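Subject: Handing over a structure, with notes on what was found in it

Dear colleague,

Here is the structure I promised to pass on to you, and below it you will find my notes. Please keep the model open while you read, so that you can look up each residue as it is mentioned.

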Amino acid sequence: MRSIAFEQVSNVRDLGGIPVEGGRVVRPGLMYRGGALHSATPQDCAKLRDELDVRHVFDLRIGYEVAAKPDVIPADVDYQRIPFYDNEAIGYEYFDPIPGTIVIGNDFACDPDHFYRDMANPLTAGQLRILLHRLMEAASAGEPVYFHCSGGKDRAGITALLVLQILGADEQDILDDYLLTNVARQAGIEKIYQRFLRLCQGDEEFARQVTENHCARPENLAAFRDAVNQRYGSMDAYLCDVLGFDQAKRAELRLALTQPA
C-alpha cells in the first residue's frame, strides 16, 4: 500500500505507516523515497506536486549523474542536491570497481559490501547530517519531501534507514522497507543485467552474479551498521554525536512525524 505507481519514475514509496516505538507509526504523506526524476512525464510531475503535495526534492546523486540525467522538477517545488559523493562538492568520490570488470565512462560495478561500508565515511556523514536535518525540518513543518538517488536503492536506502532509526523504528521494519526495492527492481531487471554484462565484458555468468549481488539484500544494511559501529562506536553515538540527533531531538521529531498506530 505504501508503493506508489508513476509512469516513468521507479521505486517510489511513502515511509508513512512504518511502525516506531511507543505504539506509533510514521505519518503518511510526509516523506517519500524513490528513483531519480529525469524521466518524469507531465503526469508524473502533476502526481508528485498535486497529488502527493511534494514541496522539496532532495537529490543525492553525484554531479556527473545529474549532468547526464537532470531531474524534471515540477513548478514551485524546491530542489536541493546534497550528494553523498562528489569531488567538487565534498572532495571525495567513491570509485572501487569489482576486480574483473571494466569502467565505461563514469559507469562501473562496485562491491555492494564495500560500498555500504564506505557510506559511513566522515565526509558522507557530513552530507547526511545536512540532508537529514533539512529533510526532517521540512517534513516537521508539514511540507512533504521526496528524496532520491539514481534507482532509489542504496543512497536513498541509507537515508531511509537513518530517518527511521531516528524515529524509533526497529531493524526488521527498516529492513522490510529496504527490501521492497526488489519488487520495483524486478521490472527493470533485464536492463540492469545488460548494463552489468557490458561491465563484465560479456561474461554472462559473472554478469548474473553481479546483478544478483546488486539487489537489495539484508547484508547491505548490516554492512553499513557494522561500519558505523566500528568507526563511531555505536549507531546511537553516530546519530547523536555525528549526525546531531540527540535523544531530545529524536523525541521532538517523533512527536512531529509520527502518529498513534
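I would like to begin at Gln-8, which touches Ser-39, Thr-41 and Asp-44 when residues up to four places away in sequence are not counted, a touch or contact here being heavy atoms within 4.5 Å. Gln-8 has its place in the loop between strand 1 and strand 2, where helices (H or I, at least four residues) and strands (E, at least two) are DSSP runs numbered from the N terminus. At 48% relative accessibility Gln-8 counts as partly exposed; buried means under 20% relative accessible area, exposed means over 50%, and partly exposed is in between, with a 1.4 Å probe and protein chains only. Gln-8 and Leu-37 are 29 residues apart in sequence, and their C-alpha atoms are 8.2 Å apart in space.

Before going further, please note that this is a predicted model, in which local features need pLDDT of at least 70 and side-chain atom pairs count only at pLDDT 80 or more, while totals for chains, interfaces and linings use all residues. Residues are numbered from 1 along each chain as its sequence is written, and side-chain values use heavy atoms, with hydrogens and water left out.

The overall picture

The protein contains 13 helices and nine strands, and its C-alpha trace spans about 50 × 45 × 35 Å along the principal axes. A compact globule of 261 residues would have a radius of gyration near 18 Å, and the protein agrees with this because its own value is 18 Å; the radius is taken over C-alpha atoms, and the globule rule is 2.2 Å times the number of residues to the power 0.38. Of the 261 residues, 50% are buried. Among contacts between residues at least 6 apart in sequence, 69% join residues at least 24 apart. The protein exposes about 11,600 Å², and carbon and sulfur atoms supply 50% of that area, as computed by the Shrake-Rupley method with a 1.4 Å probe.

In helix 10, which covers residues 204–213, the buried residues are Phe-206, Ala-207, Val-210 and Thr-211. They cover an arc of only 135° around the axis, and therefore lie on the same side of helix 10; the arc is that of the directions from the helix axis to the C-beta atoms. On the other side of helix 10, Glu-205 and Glu-212 are exposed. The cover over the buried residues of helix 10 includes helix 8 (181–187) and helix 9 (189–199).

Helix 7 (residues 171–179) has Ile-174, Leu-175, Asp-177 and Tyr-178 as its buried residues. Seen down the axis of helix 7, these fall within an arc of 160°, so they line one face of the helix. Several elements cover them, including strand 2 (12–14), strand 5 (31–34), helix 6 (155–167) and helix 11 (218–232).

For helix 13 (residues 247–257), the buried residues are Arg-250, Leu-253, Arg-254 and Leu-257. Their arc around the axis is only 105°, which puts them on the same side of helix 13, whereas Ala-248 and Leu-255 are exposed on the other side. The buried residues of helix 13 pack against several elements, among them strand 4 (24–26), helix 5 (122–140) and strand 9 (258–260).

Single residues to look up

Thr-181 has its place in helix 8 and is buried, with a relative accessible area of 3%. Not counting residues up to four places away in sequence, Thr-181 touches Asn-11, Arg-13, Arg-33, Gly-152, Lys-153 and Ala-216. Thr-181 and Glu-219 are 38 residues apart in sequence and 14 Å apart in space, C-alpha to C-alpha.

Asn-11, one of the residues that Thr-181 touches, has a positive phi of about 65° although it is not a glycine. Asn-11 is placed in the loop between strand 1 (3–4) and strand 2, and it is buried, with a relative accessible area of 8%. Gln-201 also is not a glycine and has a positive phi, in this case of about 55°. Gln-201 lies in the loop between helix 9 and helix 10 and, at 55% relative accessibility, counts as exposed.
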